[in-house]
Amino acid sequence: MEITFYIAAFVAIISTAMVITQLNPVHALLYLIVSLLSVALIFFLLGAPFAAALEVLIYAGAIMVLFVFVVMMLNLGEKSIVQENRWLTPNMWIGPGILSFILLIELIYVLEKENSLLSSAGMVEPQQVGRALFGPYLLAAELAAMLLLAGLVGAYHLGRREQEEDPE
Amino acid sequence: MISIPLEHGLYLAAALFLLGLMGILGRRNLIFMLMSLEIMLNATGLAFIVAGARWGEAEGQIFFMLILTLAAAEVAIGLALILLIYRHFGTLDADRISEMRG
């Protein structure tokens with residue numbers, strides 16, 4: 001039962017080590033997604049299903065898609081077609097595929113065998129997190145909202161194409 | 001709920017944090033440096049979750065959510081800055097854009 005934690009930790013460390021040693025940004029992004037998924041599985045095993053869902057949705061979903069968009073915007077030109085042909089070869093996705101297959105096996109095992117995992121004591125339920133977040137930590141939630149708004153406006157302002165010259 | 005020792009979870013968080021630190025110090029591409037920053041933030045969140053699971057409190061997940069919003073805002077700004085730098089300098093090499101003369 002505890003072996004699931006150690007396998008997921010092993011997958012996380014391997015994929016993170018692959019992230020910082022890859023040369024191609026897209027390869028590194030694939031490994032980073034696998035690393036985040038394994039950390040999400042660890043959250044689930046530790047009794048934090050709400051954090052696991054947030055990790056998959058926001059980290060592995062939204063933030064990584066942002067990275068992919070920027071990598072796509074940076075790799076313009078006819079060089080990218082050759083590159084895309086190279087990306088379709090199996091040595092790009094065979095490593096992340098194997099690692100995420102290990103995670104899938106583990107997830108199926110957890111969902112099948114350990115049915116009592118979802119109802120045991122020691123799990124911090126999403127309801128409890130929500131009560132605490134909108135009770136004593138309401139000010140922190142407001143601050144996070146203002147931070148996100150500032151990030152949105154700032155990213156829009158920085159990413160906007162500036163005018164050629166100001167008619168001044 | 002499984003009984004992982006507190007130290008093992010923290011060892012994993014420390015290992016991921018060190019890998020991210022090595023990535024920041026070792027790589028010279030700005031995209032990879034931002035990804036390593038994400039790894040470090042994620043390792044910090046893992047440490048919070050491990051501590052929250054150890055004492056069965058919801059505060060660990062709340063701080064993880066705060067770290068998550070921080071990471072989202074930081075990535076949005078950072079990627080916009082990377083696009084701006086690439087437009088100005090034509091490169092993402094951190095050594096070649098080290099002179100910020102404005």
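**View 1. Lining of the largest cavity, by residue class.** In this predicted model, the lining of the largest cavity divides into five nonpolar residues, three polar and one charged, where Ala, Val, Leu, Ile, Met, Phe, Trp, Tyr, Cys and Pro count as nonpolar, Asp, Glu, Lys and Arg as charged, and the others, Gly among them, as polar. The lining residues (those with an atom within 4 Å of a point of the cavity, a set of 1 Å grid points where a 1.4 Å probe fits but cannot get out) include A:Leu46, A:Val124, B:Ile49 and B:Glu57.

**View 2. Lining of the second largest cavity.** This lining is formed by A:Thr16, A:Leu32, A:Ser35, A:Leu36, B:Leu16, B:Ile39, B:Asn42 and B:Ala43, and by class it holds five nonpolar, three polar and no charged residues.

**View 3. Contact between chain A and chain B.** Across this interface, 64 residues of chain A are in contact with 56 residues of chain B, contact being heavy atoms within 4.5 Å. Between the two chains there are zero salt bridges, a salt bridge being a side-chain nitrogen of Lys or Arg within 4 Å of a carboxyl oxygen of Asp or Glu.

**Notes.** Residues are numbered from 1 along each chain as its sequence is written, and chains are lettered from A in the order in which they are written. Local features need pLDDT of at least 70 and side-chain atom pairs count only at pLDDT 80 or more, while totals for chains, interfaces and linings use all residues, and side-chain values use heavy atoms, with hydrogens and water left out.

Methods
On a 1 Å grid over the protein atoms alone, a cavity is a set of points where a 1.4 Å probe fits but cannot get out, and a pocket is an open set with protein on both sides within 12 Å along at least five of seven lines; lining residues have an atom within 4 Å of a point.
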